[in-house]
Amino acid sequence: MSQDSSIPQRRGRRTPSGDRRPRRRGLRGRWVLAVVAVSLAAVLASAVVRSTVAEPYRIPSGSMEPLLRQGDRISVDRSAYDSAPVRRGDVVVVDGEGSFVPYDSRPAAATSLEEALQWLGLAPDTTAVVKRVAGRGGDTVSCCTADGLLTVNGEPVPEDYLAEPPASEVPFTVTVPEGRLFLLGDNRHHSLDSRALLGAPGGGMIAESAVIGQVTGIAWPPARRTGLEPVGAWSGR
């Protein structure tokens, strides 16, 4: 007996030929939409966390060796100084545009996409600079003593974290204005830091408002994952 062709076939049900493709296409479409929605939510959540609490940065050079190596990914606490001042000896990330990094002269339209990708964590922040705080507002920072040590307000600082002595091959003495910071790399002989800007406007002093956050640890690679402890040499200073 032949089947009555006037009976409509329901969508997604088995047809006379056994074809289930309409239902499968619908399920596949819903799965794709679900995956896209979850991915977008994860990216946005990660971006919000990075922009308000902790943000990962990649170390682009060896200027902070041996503590931080080129290629390390570090975690940065953006809220570290919301209710506390920047401390001497802290390792910080600062916005180096206009000081360590030249101002971006491109039109705003050309930089907006790049800034959006950086906010989403899909592009590196090319203006972020990682250094150690050597002096705060009112401090006199000088180098070097006969033993090759840095001094802050006349007191020598034994910097055990340096890549190699002395604390600076270039002698200097600076007084840091209020609201500014004097920053140095740990690999002093291979670091572009405040010493390189002594003759520039601002005298190498970086505004405290340019501090993005405090480096709290190494997040990647797994073999180097660790937290950063306060430097004992700077205790009470």
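Cys 143 is buried in this predicted model, with a relative accessible area of 5%. A disulfide joins Cys 143 to Cys 144, with a distance of 1.9 Å from S to S. The link of Cys 143 and Cys 144 is right-handed, with 70° about the S-S bond. A search of the whole structure finds one disulfide.

I turn now to Gly 148. Where is Gly 148 placed? The residue lies in the loop between strand S5, residues 140-143, and strand S6, residues 150-152. Is Gly 148 buried or exposed? Gly 148 is buried, because its relative accessible area is 13% and the limit for that class is under 20%. Which residues is Gly 148 in contact with, once its neighbours within four places in sequence are left aside? They are Pro 166 and Ala 167. Between Gly 148 and Ala 167 there are 5.8 Å in space, taken from C-alpha to C-alpha, although the two are 19 residues apart in sequence.

The next topic is aromatic rings. The structure holds one aromatic pair. Phe 172 and Phe 182 form this pair, with 5.4 Å from centre to centre and 40° between the planes, and the arrangement is tilted. The pair links distant parts of the chain, for Phe 172 belongs to strand S8, residues 172-175, while Phe 182 belongs to strand S9, residues 180-184, and the two are 10 residues apart. Phe 172 counts as buried at 6% relative accessibility. Phe 182 is also buried, with a relative accessible area of 0%.

I close with Glu 159 and the residues around its side chain. Glu 159 is found in the loop between strand S7, residues 155-157, and S8. With a relative accessibility of 7%, Glu 159 counts as buried. Which side chains does the side chain of Glu 159 join in polar contacts? One is the side chain of Tyr 161, at 2.6 Å. Another is the side chain of Arg 188, where the polar contact is 2.7 Å.

Methods. Residues are numbered from 1 along each chain as its sequence is written. This is a predicted model: local features need pLDDT of at least 70, side-chain atom pairs count only at pLDDT 80 or more; totals for chains, interfaces and linings use all residues. Side-chain values use heavy atoms; hydrogens and water are left out. A disulfide is a pair of cysteine sulfur atoms within 2.5 Å. Buried means under 20% relative accessible area, exposed over 50%, partly exposed in between (1.4 Å probe, protein chains only). Helices (H or I, at least four residues) and strands (E, at least two) are DSSP runs, numbered from the N terminus. Contact means heavy atoms within 4.5 Å. Rings of Phe, Tyr and Trp (its six-membered ring) pair if their centres lie within 6.5 Å; planes under 30 degrees apart count as stacked, over 60 as edge-to-face and the rest as tilted. A polar contact is a pair of N or O atoms within 3.5 Å; within protein, one must be able to donate a hydrogen and the other to accept it, and residues adjacent in sequence count only if both atoms are side-chain atoms.
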